[in-house]
Amino acid sequence: MYYKSKKIAFGILFLIFASLLIVGCSADGAEAEKTVDKSEQAIRTVIEKEFNGPDEKYKELWNASMEAQISDEYSDDYEAYLESPEYQALMSYTEETYAPYFTENGYDTFINTAAFMYSGFDYDYELSTSTIEVVQSENEKTLYNFTFQVEYKDENGESSQFDFQGNAIAPEEGKIGKIEYLDGYEDGLLEELRNNE
């Protein structure tokens, strides 16, 4: 009888331990999935912000900032221009739009090389994204590869599709350290926008 009670107690302890182990593994899996989801979502959001547009508020703030820079008040004093309300408004909007999705260094690089690149053209056009696919690398968990399409509609309503591919590194949960995308340069969207200006 003692042996049987011991066997039952051992069986119950084993079930409790196994249950805790399963719950722990599930929680770890859920945490890993949550991390992936936040990083993928950051990448997806940046693509959507950059390629759905153009961003009219950015254009308005950019134009005001450029007018201020060449005005009599700031044309000879670049440091004063950097403190101007027009420039500060532009920088604040850029930070609100993109900083939450980047590491500090990643944000600095992005705003100096790629932010609002497809919004700065002075004619009527529309951009919209579709079929965004973001895939985490199996070998390097901070690396994500992605593809997406952008529909470009010119001022006459004629549309063209452009295929993009790229990659991003997300060294922190939900924060991009680096993002790059390519559209074929010579026959890509950027060239199309430049040719129609």
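Modeller: Contact means heavy atoms within 4.5 Å. In the protein chain, residues 24 or more positions apart account for 58% of the contacts with a separation of 6 or more. Please bear in mind that this is a predicted model.

Biologist: Which secondary-structure elements does the protein chain have, and in what pattern along the sequence?

Modeller: There are six helices and four strands in the protein chain. Along the sequence, the pattern reads α-α-α-α-α-β-β-β-β-α. Of its 197 residues, 34% count as buried. The chain exposes about 12600 Å², with carbon and sulfur atoms supplying 51% of that area.

Biologist: Why is Ser39 called buried?

Modeller: Buried means under 20% relative accessible area. Ser39 has 2% relative accessibility, and therefore counts as buried. Ser39 belongs to helix H1, residues 2–51. Leaving aside neighbours within four places in sequence, Ser39 is in contact with Tyr144, Ala170, Glu172, Glu173 and Gly174.

Biologist: Why is Tyr101 described as partly exposed?

Modeller: The class lies between the limits of 20% for buried and 50% for exposed. Tyr101 has 22% relative accessibility, so it counts as partly exposed. Tyr101 is in the loop between H4 and helix H5 (104–113). Apart from neighbours within four places in sequence, its contacts are Ala42, Thr45, Val46, Lys49, Gly174, Lys175 and Ile176. Of these, Val46 is 55 residues from Tyr101 in sequence, with their C-alpha atoms 7.3 Å apart.

Biologist: How do you know that the length of helix H2 agrees with expectation?

Modeller: The expected span is 1.5 Å times one less than the number of residues. For the 14 residues of H2 (residues 56–69) this gives 20 Å, and the end C-alpha atoms are 20 Å apart, so the two agree.

Biologist: What caps the N-terminal end of H2, and what covers its buried residues?

Modeller: Asp55 is the cap, with a side-chain oxygen 3.1 Å from the backbone nitrogen of Lys57. The buried residues of H2 are Tyr58, Lys59, Leu61, Ser65 and Ala68. Their cover includes helix H3 (78–82) and helix H4 (85–98). Tyr87, in helix H4, is in contact with Ser65, Tyr81 and Leu82, leaving aside neighbours within four places in sequence. Tyr87 and Leu61 are 26 residues apart in sequence, and their C-alpha atoms are 8.0 Å apart.

Biologist: Why are strands E1 and E2 said to pair?

Modeller: Pairing requires at least two bridges. Leu127 stands opposite Tyr152 in E2, and a hairpin of six residues joins E1 to E2.

Biologist: How do you know that E3 and E4 pair as well?

Modeller: Five bridges join strand E3 (residues 159–169) to E4, which run antiparallel; at least two are needed, so these strands pair. Gly166 has Tyr181 in E4 as its bridge partner. Strand E4 (residues 178–182) has Ile179 and Tyr181 on its covered face, and Lys178, Glu180 and Leu182 on its uncovered face.

Biologist: Which residues touch the most other members of the largest nonpolar core?

Modeller: Ile179, Tyr181 and Leu189 do, within a core of 39 residues. Apart from it lies another core of five residues, among them Ala68, Tyr81, Leu82 and Tyr87. In soluble globular proteins, nonpolar side chains tend to be buried together.

Key. Residues numbered from 1 in each chain as written. Predicted model: local features only at pLDDT ≥ 70, side-chain atom pairs only at ≥ 80, totals over all residues. Heavy atoms only, no water. Core = buried A, V, L, I, M, F, W, Y, C linked by side-chain atoms within 4.5 Å. Buried < 20%, exposed > 50% of the residue type's maximum accessible area, 1.4 Å probe, protein only. Areas by Shrake-Rupley, 256 points an atom, 1.4 Å probe, with all protein chains shown as cover. Polar contact = N/O pair within 3.5 Å; in protein donor to acceptor, adjacent residues only side chain to side chain.
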